[in-house]
Amino acid sequence: MTRDIRDARTFVLNRREVVAAVLRSRGETLVVSGLGSPTYDVAAAGDHHGNFYLWGAMGGAAMVGFGLALAQPSRRVLVVTGDGEMLMGLGSLATIGVERPANLVIAVIDNQHYGETGMQLGHTGRGVDLAAIARAANFAAATTIETRDELDEWIPRVYRDPGPLFAAIKVVAAPVPMEVPLIDGPHLKNRFRQALLDDKAF
Amino acid sequence: MAPDDPAALPDWPEQIYQVFQDVGIRQVAYVPDAGHMRLIDLCARDGNIRTVALTTEEEGVAMLAGAWLGGQRGALLMQSSGVGNCINMFSMIQECRFPLLTIVTMRGQWGEANPWQVPMGRATPAALESVGVIVHNVDEARRVPETVAAAARLAFQSTRAVAVLIGQRIIGSKKFETRKSDT
């Protein structure tokens with residue numbers, strides 16, 4: 001079976017609007033953003049003490065979110081990352097699928113390209129279906145989103161349905177302005193822990 | 001590998017488990033390794049420890065960073081070959097000054113009979129130190145508990161990445177059939 005390969009130029013969703021729409025109803029949700037544009041997207045939606053921005057550790061976003069989800073089972077944990085970052089940590093989908101944390105959601109902002117390095121075509125633009133991989137890895141639900149209606153239908157599920165949940169959200173591969181949030185590692189870590197753990201943080 | 005007489009089993013895996021109890025380890029991530037078999041089993045049977053099998057060791061480095069963000073302490077168990085898989089992920093540990101406690105069982109060291117294990121085994125201490133991980137070597141079984149306890153204090157009280165390398169001399173080298181060409 002050959003898969004229908006979609007050209008990212010035909011996608012309609014804008015990554016900044018997608019991430020802003022998802023985070024609008026975040027409440028007390030903790031957010032981990034993956035290296036590259038997803039970190040800028042999450043920052044552009046509004047800086048928050050419950051955000052942990054990755055500026056490196058490519059392939060690690062899902063597992064940072066996973067360890068956090070295990071430590072904080074009463075909180076939703078949302079990982080916002082890119083298709084290239086997710087592909088580098090594909091094994092983590094299998095690990096998470098085995099452990100099935102009910103409070104973990106992974107949203108891949110999938111522009112099918114390596115946007116930070118010159119817009120080289122990525123594997124998701126060449127027939128690899130991340131949602132199918134997450135489904136095969138035993139996620140509670142995994143879907144591909146291409147339209148605003150599909151996104152609007154999915155957003156309430158992010159904060160309600162038992163996880164682990166996965167969505168590959170197809171967005172147009174066009175440059176967006178860089179929105180640079182905090183970058184200092186110890187500050188990001190300590191700010192996050194203080195907001196979450198209060199006087200137990202130190 | 002294990003001696004026939006159960007009474008002769010070394011007690012260092014139980015002693016590491018006791019240190020985990022003492023310092024409040026709540027998440028244990030591992031890639032299976034024969035040297036860690038009993039410690040993994042002890043942790044898996046403990047209702048207060050979430051024991052997670054990984055597909056590759058670097059997942060555990062990221063996972064335990066997330067655990068710390070969420071207020072829990074963890075430990076990563078691996079074989080020396082896994083250290084090479086973790087290098088770039090360790091850069092997050094160093095930059096953010098996350099604590100990290102990893103217990104590494106050594107291969108390619110004392111009486112190794114699989115030549116493919118030798119290069120990474122030999123490179124393990126230098127590889128760890130090159131990305132800011134403090135290395136504690138231990139080559140005598142009786143020194144294991146104090147070394148792990150010291151590493152845990154350094155990791156969680158001084159917020160540092162610390163690896164305890166358990167020498168192959170303690171674990172014993174895996175026996176391979178001698179090749180005919182050697183005889």
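Helices (H or I, at least four residues) and strands (E, at least two) are DSSP runs, numbered from the N terminus. The model is predicted: local features need pLDDT of at least 70 and side-chain atom pairs pLDDT 80 or more, while totals for chains, interfaces and linings use all residues. Residues are numbered from 1 along each chain as its sequence is written, and chains are lettered from A in the order in which they are written.

**View 1. Chain B has eight helices and six strands.** From the N terminus, its elements follow the order α-β-α-β-α-β-α-α-β-α-β-α-β-α. Of its 183 residues, 46% are buried (20 or more other C-beta atoms, placed from the backbone, within 10 Å of the residue's own). The C-alpha atoms of chain B fill a box of roughly 55 × 35 × 30 Å along the principal axes.

**View 2. An open sheet of six strands in chain A has the order β2-β1-β3-β4-β8-β7, with parallel pairing (at least two DSSP bridges between two strands).** β2 (51-53) and β7 (141-145) of chain A are the edge strands, each pairing on one side only.

**View 3. Strands β1 (residues 30-33) and β3 (residues 77-82) of chain A run parallel and are joined by four bridges.** Val32(A) stands opposite Val79(A) in β3(A).

**View 4. The contact between the chains takes 28 residues from chain A and 26 residues from chain B (C-beta atoms, placed from the backbone, within 7 Å).** On the side of chain A that touches chain B, the elements giving two or more residues are α3 (61-71), α5 (90-99) and α8 (185-197) of chain A.

Definitions and conventions. Two residues are in contact if their C-beta atoms, placed from the backbone, lie within 7 Å. A residue is buried if 20 or more other C-beta atoms lie within 10 Å of its own, exposed if 12 or fewer, and partly exposed in between; C-beta atoms are placed from the backbone.
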